[in-house]
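Hi,

Here is the structure I promised to pass on to you.

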Amino acid sequence: MRAFIAIALPDAVHAALAQAQSDLRSACRDARWTRPEGIHLTLKFLGEISDAQTKQVVEALIAMGHFDPFRVEVTGFGFFPQANRPRVFWAGVVAPPALAELAGRVEAAMEKTGFAREERSYSPHLTLARFPVPRVQPALQSAVATRATESLGKFVASEFFLFESKLSPQGAQYRKVMRFPRAAVSG
């Protein structure tokens with residue numbers, strides 16, 4: 001299966017992101033906008049993995065144990081890799097160092113199971129759109145400049161998921177495979 005590890009967003013944040021996309025869509029018609037209900041905070045993209053690798057991933061994530069919950073705010077917008085040749089348009093994420101620490105723990109656990117370490121440093125964001133052709137987007141840049149400090153919601157991150165991603169003509173479809181940390185089993 002095609003897989004990744006991510007923090008799911010609450011419905012209120014999905015609704016705010018959908019509204020922001022709707023408001024900004026007219027400023028950029030050549031973008032491929034993501035489905036708001038599928039937006040998530042990625043910790044690690046794994047790619048295509050076998051059933052045996054899935055079992056190893058699950059075991060490694062269970063072995064990580066618990067982490068202290070932390071607050072996340074969705075605010076601001078930006079472009080990757082840069083505004084004058086963007087490939088991705090994103091909403092920003094403000095979180096304490098605990099988010100980067102969690103991503104680092106996930107990265108280390110996945111490296112031990114054979115996945116290559118990400119070369120870039122962790123940069124949390126929520127992908128709103130992708131550009132098939134990377135070129136400057138002056139209307140979109142102008143539209144988001146007025147919304148630079150707008151909050152699209154806050155939530156507490158207390159869990160993350162192994163997701164399956166199925167690609168289709170309608171866009172990627174995501175399914176939660178397993179929640180981490182796993183709830184304690186009472187006997």
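This is a predicted model: local features need pLDDT of at least 70, side-chain atom pairs count only at pLDDT 80 or more; totals for chains, interfaces and linings use all residues.

Five strands make up an open, antiparallel sheet, and their order is β2-β6-β5-β4-β7. The edges are taken by β2 (32-33) and β7 (151-157); each has a single partner strand, so one side of each is left without a neighbour in the sheet. Further in, β4 (residues 70-80) and β5 (residues 88-94) run antiparallel and are joined by 6 bridges. If you want a pair to look at on screen, Phe79 has Phe89 in β5 as its bridge partner.

Now the pockets. The largest pocket holds about 1,400 Å³ of space. Its lining counts 37 residues, and those nearest the centre are Thr42, Phe45, His125, Thr127 and Arg130. At least two lining residues come from each of β1 (2-7), β2, β3 (41-48), α3 (97-112) and β6 (125-130), with β3 giving the most, 5 residues. By type, the lining of this pocket has 16 nonpolar, 12 polar and 9 charged residues.

The second largest pocket has a volume of about 170 Å³. It is lined by 13 residues, with Glu37, Gly38, Phe163, Tyr174 and Lys176 closest to its centre. Here strand β9 (residues 173-180) contributes the most, with 4 residues. The lining of the second largest pocket splits into 5 nonpolar, 4 polar and 4 charged residues.

Definitions and conventions: Residues are numbered from 1 along each chain as its sequence is written. Side-chain values use heavy atoms; hydrogens and water are left out. Two strands pair if DSSP finds at least two bridges between them. On a 1 Å grid over the protein atoms alone, a cavity is a set of points where a 1.4 Å probe fits but cannot get out, and a pocket is an open set with protein on both sides within 12 Å along at least five of seven lines; lining residues have an atom within 4 Å of a point. Grid points are joined across faces, edges and corners, and a volume is the space filled by probe spheres set on the points. Ala, Val, Leu, Ile, Met, Phe, Trp, Tyr, Cys and Pro count as nonpolar, Asp, Glu, Lys and Arg as charged, and the others, Gly among them, as polar.
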